[in-house]
Amino acid sequence: MQRSPEPELMNAPDQVIAYSDADFSCGDHSLIERLSQLMEQALPVLPEAALILDLGCGPGNISERLAVRWPLSNVIGLDGASSMIEIANQRLSDVCPAIKNLSYLLVDLSQCCLGDIPQINGASVIVSNSLLHHLHNPQMLWTSVKQLAEPNALILHRDLRRPSNDQEVDALCAHYVSHAPTVLQRDFRASLFAAFTTDEVRDQLDQAGLGHFTVTEIDDRYLEVCGQM
Ligand SMILES: C[S@@+](CC[C@H](N)C(=O)[O-])C[C@H]1O[C@@H](n2cnc3c(N)ncnc32)[C@H](O)[C@@H]1O
């Protein structure tokens, strides 16, 4: 099935509210557990104030968990959508004011010169969830990772993978979002069409000189990319 990209940034008010109100706790929890497991092997001692970046952080649901799980680190969530960063900052001050090691930056990875933002360079850990499929040029993600990571940094990305045909898309939508708000149903379908296949992601990584990263299919709809710089 051909890839059909969706808009990169999630700035539409209905989208931002629906996304921020949705309960993604199960997937978010599993991402943090997976990262903990990888860190035990690759980075057992995370230096104090180590920089953890959450690229395409949306409303901050994963950034918040990163900051709580690694309280001595410095977590920065980046997103190119001003409405998402606004909601993320609002949640931080209203819902979790006790979190002191988290901040957000409005950064569009496709437009920005990342080298000009010193506070996000030299990351020990870089995470993204559901970002890659938004990018019109997926090399943006891998270029950003290479630019922002310090040597030995741990990288973990998770995203949807593109089904083979329309029937598979229909089946996944029926299974996972049939009771969700209409906006989320629409976005989930669009995201499945916009997602990359495992082979495409492997090609992207080879092109980026990150061919040593592993790409693994997870259950019926995700793929995971992980590796160390
Ligand atoms: C599907 S949401 C994922 C949010 C969050 N990571 C999560 O898992 O719940 C994708 C996010 O990536 C952001 N995004 C898309 N393209 C981007 C870009 N070029 N630069 C920065 N953020 C981007 C969107 O604005 C949106 O907030």
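Guide: A charge sits over a ring if NZ of Lys or CZ of Arg is within 6 Å of the ring centre and within 35 degrees of the ring normal. In this predicted model, Arg-158 lies over the face of Tyr-222, at 5.4 Å from the ring centre, and Arg-69 is placed over the face of Trp-70, with 4.7 Å to the ring centre.

Visitor: How many aromatic pairs does a search of the whole structure find, and how is a pair of aromatic rings described?

Guide: A pair of aromatic rings is described by the distance of the centres and the angle of the planes. The search of the whole structure gives 1 aromatic pair. Its rings belong to Tyr-19 and Phe-24, whose centres are 4.7 Å apart and whose planes stand at 40°, so the pair is tilted. Phe-24 has a relative accessible area of 28%, which means that this residue is partly exposed.

Visitor: Where does the ligand sit, and which of the 22 residues around the ligand come nearest?

Guide: The ligand sits in the largest pocket, and of the 22 residues around the ligand, the nearest are Glu-8, Gly-56, Asn-61, Asp-79 and Asn-129.

Visitor: Which atoms of the ligand are 2.6 Å from the side chain of Asp-79 and 3.3 Å from that of Ser-110?

Guide: For Asp-79, an oxygen atom of the ligand is 2.6 Å from an N or O atom in the side chain, while for Ser-110 a nitrogen atom of the ligand is 3.3 Å from such a side-chain atom. The protein covers 98% of the 600 Å² of accessible area that the ligand has on its own.

Terms used. Residues numbered from 1 in each chain as written. Predicted model: local features only at pLDDT ≥ 70, side-chain atom pairs only at ≥ 80, totals over all residues. Heavy atoms only, no water. Phe/Tyr/Trp six-rings, centres within 6.5 Å; stacked < 30°, edge-to-face > 60°. Buried < 20%, exposed > 50% of the residue type's maximum accessible area, 1.4 Å probe, protein only. Near = heavy atom within 4 Å. Polar contact = N/O pair within 3.5 Å; in protein donor to acceptor, adjacent residues only side chain to side chain. Areas by Shrake-Rupley, 256 points an atom, 1.4 Å probe, with all protein chains shown as cover. 1 Å grid on protein atoms, 1.4 Å probe; cavity = no way out; pocket = protein on both sides within 12 Å on 5 of 7 lines; lining within 4 Å. Sits in = over half its atoms within 2 Å of the grid points.
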